[in-house]
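This report goes through a single chain by topic. Please keep the sequence and the 3D view open while reading.

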Amino acid sequence: MEIDAWVWWLIGAAALGIGLVITAMPELGMLAVGAVAAAVAAGIFGGDAVVQVVAFVVVSTALIAVVRPIANRHRAQRPQLATGIEALKGKQAVVLERVDASGGRIKLAGEVWSARALDTDRAYEAGQEVDVVDIEGATAIVM
């Protein structure tokens with residue numbers, strides 16, 4: 001009993017798909033799609049081994065060349081909606097107790113926070129508005 005070439009390509013695609021799930025490497029998924037294209041070339045179009053390999057290489061390479069840069073671009077983008085500490089950076093706060101390089105208190109987003117001045121030579125008095133430039137632990141760094 002001889003197994004057709006398209007079945008071998010589908011087995012290869014399944015193995016690559018399993019590898020994709022285990023390793024989370026998207027390239028394996030693109031290679032799996034290339035193997036499915038080779039299976040189609042073998043099963044439906046009756047292509048010989050050269051046609052099958054060319055279909056696999058062309059589809060896999062095209063997917064990697066097109067999808068990979070798009071994925072990298074999306075991965076590099078910052079989220080549009082900042083949450084948590086990231087949402088507090090750049091906000092304005094009101095000084096409750098004098099803030100200098102050694103500490104103080106501010107009201108930020110309706111909560112009282114400990115704060116420290118970014119510039120060690122600068123001090124902010126109660127009632128002044130300051131900008132939050134960073135959060136270190138539970139301390140807001142202001143200027």
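## Strand pairing in the barrel

Strand 1 (residues 92-100) and strand 4 (residues 129-136) pair in the antiparallel sense, over three bridges. Q92 has D131 in strand 4 as its bridge partner. Two strands pair if DSSP finds at least two bridges between them. Helices (H or I, at least four residues) and strands (E, at least two) are DSSP runs, numbered from the N terminus. The model is predicted: local features need pLDDT of at least 70, side-chain atom pairs count only at pLDDT 80 or more, and totals for chains, interfaces and linings use all residues. Residues are numbered from 1 along each chain as its sequence is written, and side-chain values use heavy atoms, with hydrogens and water left out.

Five strands make up a closed barrel in the order 1-2-3-5-4, with mixed pairing. On average, neighbouring strands of this sheet are turned by 50 degrees against each other, direction ignored. For such angles, axes are lines fitted to C-alpha atoms (for helices over the stretch in contact), and angles run from 0 to 180 degrees between N-to-C directions.

## Hairpins and the parallel pair

Strand 1 and strand 2 are antiparallel, with four bridges, and form a hairpin with two residues between them. Here V95 stands opposite I106 in strand 2.

Strand 2 (residues 103-108) is also antiparallel to strand 3 (residues 111-117), over four bridges. This hairpin has two residues between its strands, and A109 in the turn has a positive phi of about 55 degrees. R105 faces S114 in strand 3, and L108 has E111 as its bridge partner. Strand 3 pairs with strand 5 (residues 139-142) in the parallel sense over four bridges; A115 stands opposite A140 there.

## Salt bridges

The structure holds six salt bridges, each a side-chain nitrogen of Lys or Arg within 4 Å of a carboxyl oxygen of Asp or Glu. One of them joins E27 to R68, with the closest N and O atoms 3.0 Å apart. This pair links distant parts of the chain, as E27 lies in helix 2 and R68 in helix 3, 41 residues apart. R68 is partly exposed, at 42% relative accessible area; buried means under 20%, exposed over 50%, and partly exposed in between (1.4 Å probe, protein chains only).

D100 pairs with R98 at 3.0 Å between the closest N and O atoms. D100 is buried, at 19%, whereas R98 is partly exposed, at 43%. R116 and E136 meet at 2.8 Å, N to O, linking strand 3 to strand 4 across 20 residues. R116 is partly exposed at 27%, and E136 is partly exposed at 42%. Salt bridges with shared partners also join E86, K89 and D134 into one network.

## Aromatic pair and nonpolar patch

A search of the whole structure finds one aromatic pair. The ring centres of W9 and F56 are 5.4 Å apart and the planes lie at 35 degrees, so the pair is tilted. Rings of Phe, Tyr and Trp (its six-membered ring) pair if their centres lie within 6.5 Å; planes under 30 degrees apart count as stacked, over 60 as edge-to-face and the rest as tilted. W9 is in helix 1 and F56 in helix 3 (residues 49-76), 47 residues apart.

W6, L10, V36, V40, I44 and F45 form a nonpolar patch on the surface, together with about 580 Å² of accessible area. Helix 1 (5-23) and helix 2 (26-43) each supply at least two of the patch residues. Patches are made of residues with over 30% relative accessible area and no salt bridge; like charges are joined within 9 Å, nonpolar side chains (Val, Leu, Ile, Met, Phe, Trp, Tyr) within 5 Å. Accessible areas come from the Shrake-Rupley method with a 1.4 Å probe, and for residues only the protein chains shown count as cover.
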